Every structure is written in structure tokens, then in C-alpha cells.
Amino acid sequence: MSDQANQLNAAEDIAAAKMKAPERPPMTELERIRHSAAHVLATAILKIWPEAQFAAGPPVENGFYYDVELPHRISPEDFEKIEVEMKKEIKSNHVFERVELSRSDALEMAKRGELGALTARPEPSKFKLDIIQNIPEDEKITIYRNGEFTDLCAGPHVMRTGNIGAFRLTNVASAYYKGDEKNPQLQRIYGTAFKNKTQLDEYFAMLEEAKKRDHRKLGRELQLFTFDDDVGPGLPMWLPRGTAIIEELEKLAKETEFAAGYQRVRTPHIARENLYLTSGHLPYYADSMFPPMVLREVEGDWNRLLNESDQAIRQASDKVRLTLVEQSVLPKKHEGHSFDELGTIIKTARNSGGPIGGLLETLSEASINFGIINSYVGMPVRYYLKAMNCPHHHKLYAAVPRSYRDLPLRLAEYGTNYRYEQSGELFGLMRVRSLQMNDAHIYCTEEQFEEEFNSVNEMYLKYFKLFGIEKYVMRFSTHDPAKLGQKFVDNPELWKKTEEMTRGVLQRSGINYIEVPNEAAFYGPKIDVQVWSAIGREFSIATNQVDFAVPARFGLTYKTRDNTEKTPLCIHRAPLGTHERFIGFLIEHYAGNFPLWLAPEQVRILPIGAEAPLLEYARSIQNELRAHQVRAELDASSDHIKAKIASAEQMKVHTMLVIGNRDMEANAVSVRVHGKGNLGAKPRDEAVKDIRAAIAERRV
């Protein structure tokens, strides 16, 4: 399931669980249709299997589901008969009736097995009973009825079952009750619903097209990236053709950011635990980080002190040992400086009663000093793989004294991060454990914030136009005041101020955005960028965050005009997201048919024959193109020209230059473009010039 679907599922669970959740945004018309379809699904299942026990049945991103406990294992083969019963319920056009109940009445209904049921049953409605017991005392309890079916539900629904429109069941999966593996495992029946059959058909046509565009399928076929069990799950490796796309994106980002006044930096892939404790990512983000590497470090003066202390022990113990040998207390061959041996020497000396008190005191003091120093420098140090770049960039800011004249300071890096995604959440390039992020951090004054934040948004819009992204929305995530000090930094004034500043920029710029409560970063409001591919599939590709808290944790300051110190605001931004997620999106957006500037193989030269003069002419064109950094290849095989063209088309090579003897004699080429076919003959110089111009201008 997608991130958004998981969030909606979690919201459904929380609303029916331990604590009172913040008010959820009102359901859209489509969500009400899908929520109502979930109730009709439960009605139909009960008509076939009356013993079914139901848990939760919310609308989700692309449809709805209902969790059910049932001895019969539902399979797709059962969908047809379930859908028949659903159609009967829809045709009956029953009213969705809302009824408010007291807690005691609701509990009694659950005990009689009447909730999530058609009638009273011998077995209680156990999941509904559990949900009721966890609803806060001051929260209203409601049920909804449609025909014979009664369910515990907060709503809302459509007016009647006949308003549901068109629907279809899609798949079945397993899910633990409330997402906890200690709870019973249920069957989760998924479906989707739309206002009418046309929309439903369009949705499934889009899904079929999406299968053809699946980035995992095309990535394998076009030899862009690979995964290997010996390397590890979620750790993509980029083949040469995929690396070409990466380098083009980095070139684009570097050119764009240089023009916008960014400075490039580089940071290591690991850091000590203390860095992330300072930033606040530990312990709160620990589950998403790889386990630490525990090292024992001895550096600099501590190493010298440790060696000197060890030498003092050796000298003192030698003197004590020699004295004890002379007194015949120890044998002549007795040697050793380990703590066990030293303990033996000290114990023997104390029991001997001989004149070695001063030596013994020196040895004991040296041993204590060694133990203290060794215990300190021997303390384990934890290193973590870098899960985010911001703490490192904060340290770079702090490395140099800053003045208001230095701001805004824009530090950019295509940094490699490592995040421990759960194995069940890994999905191609979309959810990985190693990712390269188009990251930057802008340190600015409050007065500079609006201009800087708006400039970042303008950069997004520029990229959208370049990649042909026509539909997008920016999800402006704010905090929940009830969770200050828990999920969010406890500073209500700064939350209010930065949220108002961010909201103002979005409104004045006219950017398409929606506001989403309770999803901000822990240190400030954020914007998640949602885009839609050419076939209407939604992707979350980038983020833009305002940070008013963490710079202060690092002690970041700048000198103001009146020579006082002030903490800067920090804008976290990543317009191109990560290589992995963004390239995954582009593969599906373009269906692997990349524009010339971005194509892994931009040009393939196809001679009609294998005669030496023809190959020499073809190779000269290849050399000319490569001299201008064009990714040009030559098919010098003896295959028939139709086979060469088919091979190039299969690999989605953007431009094919077909060359025969007549082309060679005329110093020309025949141009063929993937997806467009033969464009006819052109003089060689003109063709090369056109190719170079299209790449330089990044034509779509």
C-alpha cells in the first residue's frame, strides 16, 4: 500500500482506539461513496457468511477495504458472488440512517452480536466491543444502518446505498487487527468505487497502463538499475544507462542551483551518535536508522596518557617484582603486567611484610591511573550511517563565523543517505534503504524568509515545466497544538509565526496547495509535493520544510547589524527529491521514452551493411557526437537493418541515424526518432547541430 493509504488506515485505527484523535478533515464526496461501499461490502459478506466478524472498514487512497474474521478463506474467485449481493443492496436503495447511542447501549448491542451484523447473534461483536471500550468517555458514539446491516461508525456516508455508483472488488490480503502482530490476523478485502462506470473504467484502464509503465519492469528491460541479494534488499545499484540519467539530473540541479546562488558542499556518510542526539533525530528517528556501529576510540593526548600510564605500571611492577624475587617471595621467572598478574604481585607484596611500602604505593597509584584513563578512552562510541544531511550542514554553517552579510547562505549537496525501511515496505526505487537526495539548506533571517521560500517554490515550478508535469499539489502540513512537546517542538509562538509566514507565501504566490493538520516535521511546518504522471498516477516526490528549532540546538548564530547574536531560520528543500524516487517517477511518467537530453542512449548509428567505408563514415559521426558529450553508440553488427532498428526501438533509443551508401556519398544521414518513426534524410552537419541544440535546451 502507498504512504497515504497507510496514513489513512492509521487514522481509522486511532479514531477507534485509546485516545481522542484530533478532528479529521471532512470526507470528500468520493470518500463518502467509498466509505458507504465498505458497509455494503460487509452487508454482502454477511448474506453469504453470517458468522463473519468485522473490525474496521475505511475509505483509503484508491478505494476502500473492510477487515473481517471468517473461517472461510476469501479468494478472488469469491468476488463475483459477493459483488452480486452488493448490487442487490445498492439496487434496494436503503437509507444510511445515523443513530446516536449511549455508551452502555452500544456495549449491550456489541455483546448481543448486533454490531457489524444483520441481526443479533450468539457470539458478541468482539472487535466492535473492543473499539467501544477504547473510545474516550466524552466522545459521541454513533451507529449507521443500511437495510438489515448495523455498524458502529462515525460516518459520514452518502444518503442512500443507490448513490454509491460503480464499484469493483480488487484484491484480498492479510492484516493484523489494529496493525499489531499480537492481535488476530484478519482478511482485508479491498475494492474501489466511483461516481459512475465511466470513471471506474478509466481507473482500471489507467492501472493496466501503469503495469506497462512499472518502473521495476522497465528498469530491468532498459538495463537502468538492479538489486542483488548479496548486496541487500532496498540497496539499488545503478547500471551505466541508469547512471547516465543520474548524471543528467545532477547536472541540471547544479546548473540551476549555481544560478540561484547555492554553494556546493560534501559531507561523510557516517557520524557519531552525539550529532543526531543534538539534532533531535535520536531517539525519535532511531527506528528509521540503521543500527549503530560501536567502536572503541583512543585519540591524541588520551592515547599518549594511556601509553605513559601503562609504562608507569610496568616500571613500578618491575621494581616490586625484583624486590620480591630478591626476598625469595616470587620465583625468578615470574613476569607479567596484565591486571590479573598485577593483582597477584600486589597481593603477594602486601602479605610479605617486607620493606616495599613505597614501591607498592607507586604501583597501586599507577594501576588506578591506568584504570581511570583506560575506562574513559575505552568507552564505546556509536557511529550511525547518515539518514539525513541537515545535521552535517548545520555543522558546516557553524564552522565559520557568520554575519548578516553572509545570509542567506545556501548549502547544497547530492548527499547519500541510508534509512532502515522495513522489508515489507520496500518497493522498487520508491522505497529504498540507500538514497541520493537533491538536498540543500538555506540559512536566512526572518526578513529574508518569504523571498527565499518563494524562490524554492519557483524552482519547483520550473522543474515541473521542464519534465512536463501538468498536475501537482503542495501539501502544507501544520502541527497539532495538543501534541506540543510530544510529536512537535514545544514552542507555540514560533509554530504560529512560521505557519503564518509559510501560508502567506503560498497564498501570495498563487501556488496550488492544500493544508493538512498534524503532519508537520517535528521542528517546523513542511510542504510535501505531490505530482501526477502522464497517466494520472499520483506520486510524492519532494519536500520543503521550515526549521525554527534545530539551528538553536546546534547553537547556530549570526551577527546582526547592531552586533548582537541571533539564530537563523533554516529552510530544508529537495525539489528533485531523491534520485531513486524521482527516476522511478520519470520512468513511469515517460514510459521509458525519455526526452533526448535525458535518454540513457541518446543516439544510435545504424549502418546498412558492414562495408569498411560505410563503417568508417558511421564511426566518424559517432566520434563527432561523442566529442560534444553526446551519448552515441554504433551498431557495427552484421544484422539486417530491420533487426538493428528493432533492437534500438526495444531499448527506447531516442534518435537513430540510419546510414546507407547514398547517405555516405551525400554526407547525410536518415533520421529516425523512437515513437515517431522515420523523419527523412538530413545533411550530416544539420542533424548533428539539431541533436546538440535539443540536448543543450533540454527539449521535452
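Start at Leu101, which sits across from Ile141 of strand E5. This is a predicted model, so read what follows as a description of that prediction.

Leu101 belongs to strand E4, which covers 97–101. Strand E4 pairs with strand E5, residues 141–146, through 5 bridges, and the two run in the antiparallel sense. As a bit of background, strands in a sheet are joined by hydrogen bonds of the backbone, and they can be parallel or antiparallel.

Now widen the view. Strand E6 comes in too, giving an open sheet of 3 strands in the order E4-E5-E6, with antiparallel pairing. Strands E4 and E6 (149–152) are at the edges and have a single partner strand each, so one side of each goes without a neighbour in the sheet. If you follow the sheet from one strand to the next, the twist averages 25 degrees.

Next, look at the helices. Helix H4 takes up residues 103–111 and helix H5 residues 126–133; their axes come within 8 Å and cross at roughly 160 degrees. An angle over 145 degrees counts as roughly antiparallel, and that's why H4 is described as roughly antiparallel to H5. As for its hand, the crossing of H4 and H5 is left-handed.

So who does the touching? On the H4 side, the contact is made by Arg103, Ala106, Leu107, Ala110 and Lys111, while H5 brings Leu129, Ile132 and Gln133. Sorted by class, the contact of H4 with H5 comes to 5 nonpolar, 1 polar and 2 charged residues.

Technical notes
Residues numbered from 1 in each chain as written. Predicted model: local features only at pLDDT ≥ 70, side-chain atom pairs only at ≥ 80, totals over all residues. Heavy atoms only, no water. Pairing = 2+ DSSP bridges. Helix = DSSP H or I, 4+ residues; strand = E, 2+ residues; numbered from the N terminus. Axes fitted to C-alpha atoms, helices over the stretch in contact; angles between N-to-C directions. Parallel < 35°, antiparallel > 145°, perpendicular 65-115°, else oblique. Left-handed = near helix turned anticlockwise from the far one by under 90°. Contact = heavy atoms within 4.5 Å. Nonpolar A, V, L, I, M, F, W, Y, C, P; charged D, E, K, R; others polar.
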